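I would ask you to look at the model on the screen while I go through it.

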Amino acid sequence: MEPDVLVVDDSAAIRKILQRVLHQTGMGIGTILEAGNGQEALEIMKVQKIGLVLTDINMPKMDGIQLLAALKASPAWRDIPVVMITTEGGETKVGEAVRLGAAAYVRKPFTADQIKEKLAGILEPALPL
Amino acid sequence: MNIEQLIVTGIRTATAEVFSTMLGVELSVGELTIEGGEPEPNDGVVSLIGLAGPWMGTGSVSCCPELACRICSHMLMTEAAAVDEEVLDAVAELTNMIIGGVKNRLEPVLGPLCLSIPTVVFGRNFRTKSAGMAEWIVLRFPWEGSQFAVKMCLTKAEKIHPMLHAPSHACTLEA
C-alpha cells in the first residue's frame with residue numbers, strides 16, 4: 001500500500017512546490033496532506049495514517065524540532081520517517097534533528113533530484129521507484 | 001575577509017543559488033551600494049527578516065509588484081497577474097531562503113544566528129527603517145528590465161541592546 005505523505009511548512013509556496021516535486025519523483029506515494037505547523041501536523045496524524053513526514057524547522061506555534069521530538073516520543077509514530085527540509089544549515093538545529101532521529105535533512109533551496117535522492121534512500125525498500 | 005565583504009559574498013552567492021535552483025533563473029552579480037541616512041520611499045513589495053544572536057540586524061528583499069508576480073510564477077509554475085496572498089507568500093519564502101543562506105555562510109565566522117519569520121509589506125510610498133542601524137549593504141540584481149534588491153544591516157549585539165547583557169537584577173524594582 002502506498003504511504004500517505006504529510007508536508008509541514010508555514011509557507012504555502014513551499015508546500016505547493018513539494019507537492020509538485022513529490023509527484024515528479026514517480027515514487028509510489030499515496031495522498032499528500034499539508035499542515036502549516038507542528039500542531040496542525042499532529043492533529044492530522046491523529047486521524048490519518050501517515051507513512052512519511054517532510055517538515056520545515058522554523059515555524060510558528062510548534063516548530064519542526066518540536067514536532068520531531070513529539071513523533072519520536074510516541075510509540076504509534078516513532079517509526080515514521082521524518083525528513084527535515086529547511087534553510088537552517090547551522091550545526092545546532094541540524095545536529096539536534098539528527099540526534100532526535102530525523103531520517104534525512106534537505107537544505108533549502110532544493111532541487112527535485114535532491115528530494116528524490118533523499119526519499120529513495122528512505123523509501124526504496126518499501127516503495128517501487 | 002572583513003564582515004562587509006563576507007555579507008556581500010554571502011548575498012551574491014545565496015541569491016544566485018536560490019534563483020537558479022528555485023526559479024531556474026541565472027542572475028548577474030548585482031550592483032553593490034552602501035546606503036545610510038534617511039530611508040527612501042518604497043513602492044512595491046518588501047520582505048523583512050530579523051537576525052539575532054551575537055550579531056543582530058535585518059535582512060530584506062524588495063522589488064516592484066510586477067517582479068513579485070514574476071517570481072511567484074517562476075517559483076510555483078502558476079500564472080500570477082496581481083500581488084495576492086500567494087505572491088506575498090512566495091516572496092516571503094524567497095527571502096527566507098536568501099537571508100537563511102547568508103546566515104549559514106556568516107555563522108562560521110560570527111557564531112550562531114537565529115532568523116525570525118519573514119514579514120512582507122506591499123504598498124506605495126512607504127519607508128522601512130531598522131532602529132539603531134546606520135548602514136545597509138545593498139545588492140541590486142537586474143532581471144528582465146526590473147531590479148531585485150537584497151539588503152542587510154548587521155552589527156554586534158552589544159552595540160544595539162546593551163541591556164541584553166546587563167545583570168538580570170538590573171531591571172528589578174525596589175518596593
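I begin with one residue, B:Ala68. Apart from its neighbours within four places in sequence, B:Ala68 is in contact with B:Gly44, B:Val45, B:Cys63, B:Val83, B:Val87 and B:Val91. Please bear in mind that this is a predicted model.

Chain B has four helices and seven strands. Read from the N terminus, its elements follow the order α-β-β-β-α-α-β-β-β-β-α. Chain B has 175 residues, of which 39% count as buried. Among contacts in chain B between residues at least 6 apart in sequence, 66% join residues at least 24 apart.

Is B:Arg140 buried or partly exposed? It counts as partly exposed, because it has 16 C-beta neighbours inside 10 Å. Leaving aside neighbours within four places in sequence, B:Arg140 is in contact with B:Gly30, B:Glu31, B:Gln147 and B:Ala149. B:Arg140 and B:Ser28 are 112 residues apart in sequence, yet their C-alpha atoms are 9.5 Å apart in space.

I turn next to the contact between the chains. Chain B supplies 20 residues to it and chain A supplies 17 residues. On the side of chain B that touches chain A, the elements giving two or more residues are helix 1 (3–23), helix 2 (65–76) and helix 3 (85–110) of chain B. Helix 3 of chain B gives the most to that side, with eleven residues. By class, that side of chain B has ten nonpolar, five polar and five charged residues.

Finally, I consider a helix pair in chain A. Helix 2 (residues 38–47) and helix 3 (residues 64–72) of chain A pack at an angle of about 30°, and their axes are 9 Å apart. Helix 2 of chain A is therefore roughly parallel to helix 3 of chain A. A:Gly38, A:Ala41 and A:Leu42 of helix 2 of chain A make the contact with A:Gly64, A:Gln66, A:Leu67 and A:Ala70 of helix 3 of chain A. This contact has four nonpolar, three polar and no charged residues.

Definitions and conventions:
Residues are numbered from 1 along each chain as its sequence is written. Chains are lettered from A and ligands numbered from 1 in the order in which they are written. This is a predicted model: local features need pLDDT of at least 70, side-chain atom pairs count only at pLDDT 80 or more; totals for chains, interfaces and linings use all residues. Two residues are in contact if their C-beta atoms, placed from the backbone, lie within 7 Å. Ala, Val, Leu, Ile, Met, Phe, Trp, Tyr, Cys and Pro count as nonpolar, Asp, Glu, Lys and Arg as charged, and the others, Gly among them, as polar. A residue is buried if 20 or more other C-beta atoms lie within 10 Å of its own, exposed if 12 or fewer, and partly exposed in between; C-beta atoms are placed from the backbone. Axes are lines fitted to C-alpha atoms, for helices over the stretch in contact, and angles run from 0 to 180 degrees between N-to-C directions. Angles under 35 degrees count as roughly parallel, over 145 as roughly antiparallel, 65 to 115 as roughly perpendicular and the rest as oblique.
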